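Trainee: Could we go through this one together? I'd like to start with how the chains meet and then move on to the folds.
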Number of protein chains: 4
Amino acid sequence: MNTFGHWFRVTTWGESHGPALGAVIDGLPAGMPLDESVIQPALDRRRPGQSRLVTPRAEADRVVIEAGVFEGRTTGAPVSLLVRNGDVDSSKYANLKDTWRPSHADYTYEAKYGFRDWRGGARASARETVSRVAAGAVALQMLRLRYPIEVVAWVDTVGALGCSVDPETVTQADVDQNDVRCPDAEAAARFEEHISDVRRQKDSVGGIIGCVIRGLPAGWGEPVFGKLEGELARAMLSLPASKGFEIGSGFAGTQLRGSEHNDAFEVRDGRVRTTTNRSGGIQGGISNGESVVFRVAFKPVATIFQPQETVNRAGETVSLEMKGRHDPCVLPRAVPIVEAMALLVLADAALAQTARSGWQGALDN
Amino acid sequence: MNTFGHWFRVTTWGESHGPALGAVIDGLPAGMPLDESVIQPALDRRRPGQSRLVTPRAEADRVVIEAGVFEGRTTGAPVSLLVRNGDVDSSKYANLKDTWRPSHADYTYEAKYGFRDWRGGARASARETVSRVAAGAVALQMLRLRYPIEVVAWVDTVGALGCSVDPETVTQADVDQNDVRCPDAEAAARFEEHISDVRRQKDSVGGIIGCVIRGLPAGWGEPVFGKLEGELARAMLSLPASKGFEIGSGFAGTQLRGSEHNDAFEVRDGRVRTTTNRSGGIQGGISNGESVVFRVAFKPVATIFQPQETVNRAGETVSLEMKGRHDPCVLPRAVPIVEAMALLVLADAALAQTARSGWQGALDN
Amino acid sequence: MNTFGHWFRVTTWGESHGPALGAVIDGLPAGMPLDESVIQPALDRRRPGQSRLVTPRAEADRVVIEAGVFEGRTTGAPVSLLVRNGDVDSSKYANLKDTWRPSHADYTYEAKYGFRDWRGGARASARETVSRVAAGAVALQMLRLRYPIEVVAWVDTVGALGCSVDPETVTQADVDQNDVRCPDAEAAARFEEHISDVRRQKDSVGGIIGCVIRGLPAGWGEPVFGKLEGELARAMLSLPASKGFEIGSGFAGTQLRGSEHNDAFEVRDGRVRTTTNRSGGIQGGISNGESVVFRVAFKPVATIFQPQETVNRAGETVSLEMKGRHDPCVLPRAVPIVEAMALLVLADAALAQTARSGWQGALDN
Amino acid sequence: MNTFGHWFRVTTWGESHGPALGAVIDGLPAGMPLDESVIQPALDRRRPGQSRLVTPRAEADRVVIEAGVFEGRTTGAPVSLLVRNGDVDSSKYANLKDTWRPSHADYTYEAKYGFRDWRGGARASARETVSRVAAGAVALQMLRLRYPIEVVAWVDTVGALGCSVDPETVTQADVDQNDVRCPDAEAAARFEEHISDVRRQKDSVGGIIGCVIRGLPAGWGEPVFGKLEGELARAMLSLPASKGFEIGSGFAGTQLRGSEHNDAFEVRDGRVRTTTNRSGGIQGGISNGESVVFRVAFKPVATIFQPQETVNRAGETVSLEMKGRHDPCVLPRAVPIVEAMALLVLADAALAQTARSGWQGALDN
């Protein structure tokens, strides 16, 4: 199932070591300004380690709009985005041809499909998220036509280390001011040091991404099976390496009493607000006008540079040692991906709500 | 959006104080034995406080199959299930007509729909899950035709209290041996006492449901946007009062190193297994043949019997005091609901995988 | 696949000799006036031979709204409609248990499902259209909130007999002024006489339904695979006994030259119009503001009261003679059913277009 | 709506004068042999006038598989097909920028989208069917894994001229033996002459495509809203210039009596067959094992080289005269396109039926 969304539909395709990746976006309004420059910055933000490199790989991950745009505006036809893969050397994966890497998808793909593209994870690679990030940028362009919506994600924890971030004020600029994408500078330094330690130990480390959606009107989300938090949860758990999702008070909130947890209503600045936001901006699956705040857990990446025991296709126990330049912590790169998936969810909810409220509006006249 | 599933499609309808609730199930195989007796036990298990009551409300929540079954077997036509609501007294909700209960969906429904059925939560009520539980029983009946799949959920925490449960061996009978549905008898006693305390304090308390799916073959789940964990996450976050989902190592696993977290492969009992199961039975969105283990966070229920400040439709600050017999902890009743949603996810994945493998099988000949 | 529509989703269920039939409608705006009186007239119009009977079966086909309406208005929750089947005598179908009626769906249902509800056609019976007609009435109620859309169908031919109808002016009242539902009174008399002849001959006869949609704005329909004429074609070919669909000039138009067929544009009454309407109101899958005119072919009903040779489940050749009171011509009863399906298509297109234009509108500001 | 199919999902994109066209195919089994050589012949067959040209435009319409295939076999990931548009000269369309061509989609696209890509019809151009034909070839490859299905279409009428074709025996080779793609050589000669006359008169002419599906097992098709004839009808009416669809006896059959029309069952060659095939191979929406025979009406193409009156965006009456090399009859080129759409319908029905029967099969054990 490679299509996401019911009203705003994004279909993605492509493998890590295939010729290209892409996304087809269906459901966009016509007349919306769109060209590659709207999308490219999001892809640049997703690329690995770009901030550190003296010579950025400027040629990499160039998006091309192949359809759906005429004279700089969408036409209503599906927008097709394409990103060519660079010259990738698959030979270094040849030793994985018959061996399943622990906690990768090698074995399950083979169990499902009876057959496997063993080059670099193929469709299961995090490289697949190129398509999502590109589509997310288009979703944002659409949302901004009508709403001052902001989606900001950040690295909230690395291993056991945490930070302090105010979801009501944090900006993407705050997040991008360091390589680990944690807007708390002091914590960021600790995160970086920890990740360096882990790299030296040829190990990897997990963590949690925090994300906030601000400026969302009340009323978005489609009960019962299209609840906004449910769609967000699915979106986030569709990301490689993600293991959990929580919204508002989340797992910690299970330890509160109702009297502590309930968000009292008040009238503030002329509109209905809640005094606290343990609900995380959603009640009954519908946005309440407060910020939507959620967190996504990412496991330590499975690729480590220590010898590991595993099994090959012949059923023999073998020792596997991987080589290469994999990052020991995916969290910084997951930041724009989490944002992109949130944007796809919002674009879908937006179209549903527009259709509904457009008709309800007729009743008021 | 009141339909769940792409292959195995369940459409639910009904409000807490409307005449009835129901579910229409589309995609079932024909010839499957089905009558009300297959479904009724699941509904009985869902009903509130039945185990404690001296006189069980035996008349309540009787399911009727209105279509799709002939001479005790499914025909391939959609199965329509109907459960009549008893004579419900809506008058006690009349004071909520113009007042939004804190952390309920009253305000958001009104924001979305411009209008609200104020009787007992209506579509946002947990009563809506009657339809899900009924449909889940039908899904289980289908799954059992081909697979020895077991789905067992239990109350894993209440507030800050935990328990000890082995997901590999716990049974539904273990779970049902006490009213709080915790298979750890010692913990169950503590849970019950805690809930009683909370009730006396006119407060409510949250907790976590654990759930295991055993007997699932390797190969189920549809990358990229139909990953099994993503579908489970959406299913669980579509439940009233749920605030989080985690699979396998979940949030705690973010604190592990890759070398600690990776699940090594081995050949055990003649098939490929993992030595540990931090992946929670899924890798790359596809089941790996191990048990699928996940947890769902539920907030403390919003209905408490203490005065709360809120706002009415006129924008005035008012004090709200609710009356009635609401349970201070929904966790025990959420157990069969979590199981039902897991079953709906599995039934959908099962049909997708049957279609796929049916064709792949042709290649082997 | 028992759900119709992507935005305005109608799920139907029920068999001819089961306890009830129903429809669940998802996607309606909230606040729309709705009660049974909106729907019942459409069902009354659909019932067989009601105009002729001295004692109308007033008790039959009573629709009940089981969910989604509160105080006479839709709530945004799914609307569930239920129509109980009367006490039906299935025994007269017992002889069909093991015998396949020629040109009915008995054999194909058994080939597909390996098993068959043999009572009166079950899900394949035209009785299933009760659900469609009920849902169509709700769709019309929604469409009328914003648009002066009229859908009028009529019996255009019976066997080789035709009539003269002006699609720009014909009304439902014109159609209903006689039992054969042909607004051309002279032709209607010939139709009636012909049908009587056919009845006397224990035979059946086919014909064509004409249908016009007036008042449709320009711009509805979703290229490429959601073209308005494609959705109408599918809707009509989903009806029992239908064998063909044509729009505008249709099959006859294939014999024209382009110079004869093209609809020239002009400005008329201050807006862009076409001087002719061979396109049938749709160009490139999108409505052009002219009337949508289409025709649907219905075969002679398969139930005839002459002996027919067929095969039974044992593979033996047998002679089959049916008894009962089946109408020799379904065309008059198909009139409201064709209208209902057109309304479902329009409601779906309407929501899609509302969402799209709502966003495009933002660009103009 | 640019996705076709529910189980076998094809998403197409691209405009006539954009950089490329493509299709993304989701739902394919893994391990299926696939490379460009499977698809290219279908595209070659679709190209205009290739048989007549001394120097075929061999470079045109080259399909490239961009994803989903590894070492010559499908992987289960979506297959992405891409066809680059040649260097197209849009300047000749510049005069259409502000003028709506009669019976084209210029006006309706502008009415819908408020904005129009005026280059050669853009998304509404028949060039869009490149994507469909490419996807159809992949669908056929899948179907052939398990079933000896053959789909053969031919030009059945041109204007008022007809031909004689036996759907039980006609082959694609028969069809391709002449440029007008009519397997009746004598009729083909008349068709060619007629088309030449029409060309000389700077006019265009319509006609009917006949199509047969042979080798289809009994039991395919999903009642009620997924009936096989309904899906075929939608598929055909989604094609540019199509105005009608009929199956089996079609419109002519409406003039028969039931006693003439009914298809008697018999046991022939050891299986249940019908003695006649007025049903066109489908009863109750499900295939009955006989050949599926249908016809599609195509209007005379709107592009003619005579002056026509129309209106421009300023609302002025203007005379329009088109220049270029458009074919006066699209029928020959529509042949592979009709086949492609039939194949997409069959692939979708096949997966649905595989899932269903896989489970029903479990009941027999």
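Mentor: Gladly, and keep in mind that this is a predicted model. Chain A and chain B are in contact through 89 residues from chain B and 89 residues from chain A.

Trainee: Which helix of chain B gives the most to the side that touches chain A?

Mentor: That is helix α6 of chain B, residues 228-237, which gives six residues to the side that touches chain A. By class, that side of chain B has 35 nonpolar, 38 polar and 16 charged residues.

Trainee: What do the β10 strands of chain A and chain B do?

Mentor: Strand β10 of chain A and strand β10 of chain B, residues 242-247 in each, pair in the antiparallel sense over three bridges. Within β10(B), E246(B) is the residue that stands opposite G244(A).

Trainee: And chain C with chain B, how many residues are in contact there?

Mentor: There, 32 residues of chain C are in contact with 32 residues of chain B. On the side of chain C that touches chain B, at least two residues each come from β2 (9-14), β3 (20-26), β4 (63-67) and α2 (106-113) of chain C. The residues of that side divide into twelve nonpolar, twelve polar and eight charged.

Trainee: Since β2 came up, is β2(C) mostly covered or mostly open?

Mentor: β2(C) is mostly covered, with six of its six residues buried. Both faces take part, as R9(C), T11(C) and W13(C) are buried on one side, while V10(C), T12(C) and G14(C) are buried on the other.

Trainee: Which strands pair with β2(C)?

Mentor: Strand β1 of chain C, residues 3-4, pairs with β2(C) in the antiparallel sense over two bridges, and T3(C) stands opposite T11(C) in that pairing. β1(C) and β2(C) form a hairpin with four residues between them, and G5(C) in the turn has a positive phi of about 100°. The pairing of β2(C) with β3(C) is also antiparallel and runs over six bridges, with R9(C) opposite D26(C), and a hairpin joins these two strands through five residues.

Trainee: What is the order of the sheet they belong to?

Mentor: It is an open sheet of five strands in chain C, in the order β1-β2-β3-β7-β4, with antiparallel pairing. The edge strands are β1 and β4 of chain C, each of which pairs on one side only. Helix α1 of chain C, residues 36-46, packs on the sheet by touching β4 and β7 (79-84), and its direction makes about 140° with that of β4(C). Helix α3 of chain C, residues 129-146, also packs on the sheet, where it touches β2, β3, β4 and β7, and its direction makes about 35° with that of β3(C).

Trainee: Switching to chain A, which residues of its helix α1 are buried?

Mentor: In α1 of chain A, residues 36-46, the buried residues are I39(A), A42(A), L43(A), R45(A) and R46(A). They lie on the same side of α1(A), because they cover an arc of only 160° around the axis. On the other side of α1(A), S37(A) and P41(A) are exposed. The buried residues pack against β4 (63-67), β7 (79-84), α3 (129-146) and α8 (331-363) of chain A.

Trainee: How about chain A as a whole: how many helices and strands?

Mentor: Chain A has eight helices and 17 strands. Its radius of gyration is 21 Å, close to the 21 Å that the globule rule gives for 365 residues, so chain A is as compact as a globular protein of that length. Buried residues make up 63% of the 365 residues in chain A. Of the contacts in chain A with a separation of 6 or more, 71% are between residues 24 or more positions apart.

Trainee: Is D269(D) buried or exposed?

Mentor: D269(D) is exposed, with 5 other C-beta atoms within 10 Å, whereas K202(A) is partly exposed, with 15 other C-beta atoms within 10 Å.

Technical notes: Residues are numbered from 1 along each chain as its sequence is written. Chains are lettered from A and ligands numbered from 1 in the order in which they are written. This is a predicted model: local features need pLDDT of at least 70, side-chain atom pairs count only at pLDDT 80 or more; totals for chains, interfaces and linings use all residues. Two residues are in contact if their C-beta atoms, placed from the backbone, lie within 7 Å. Ala, Val, Leu, Ile, Met, Phe, Trp, Tyr, Cys and Pro count as nonpolar, Asp, Glu, Lys and Arg as charged, and the others, Gly among them, as polar. Two strands pair if DSSP finds at least two bridges between them. A residue is buried if 20 or more other C-beta atoms lie within 10 Å of its own, exposed if 12 or fewer, and partly exposed in between; C-beta atoms are placed from the backbone. The arc is that of the directions from the helix axis to the C-beta atoms. The radius of gyration is taken over C-alpha atoms; the globule rule is 2.2 Å times the number of residues to the power 0.38. Axes are lines fitted to C-alpha atoms, for helices over the stretch in contact, and angles run from 0 to 180 degrees between N-to-C directions.
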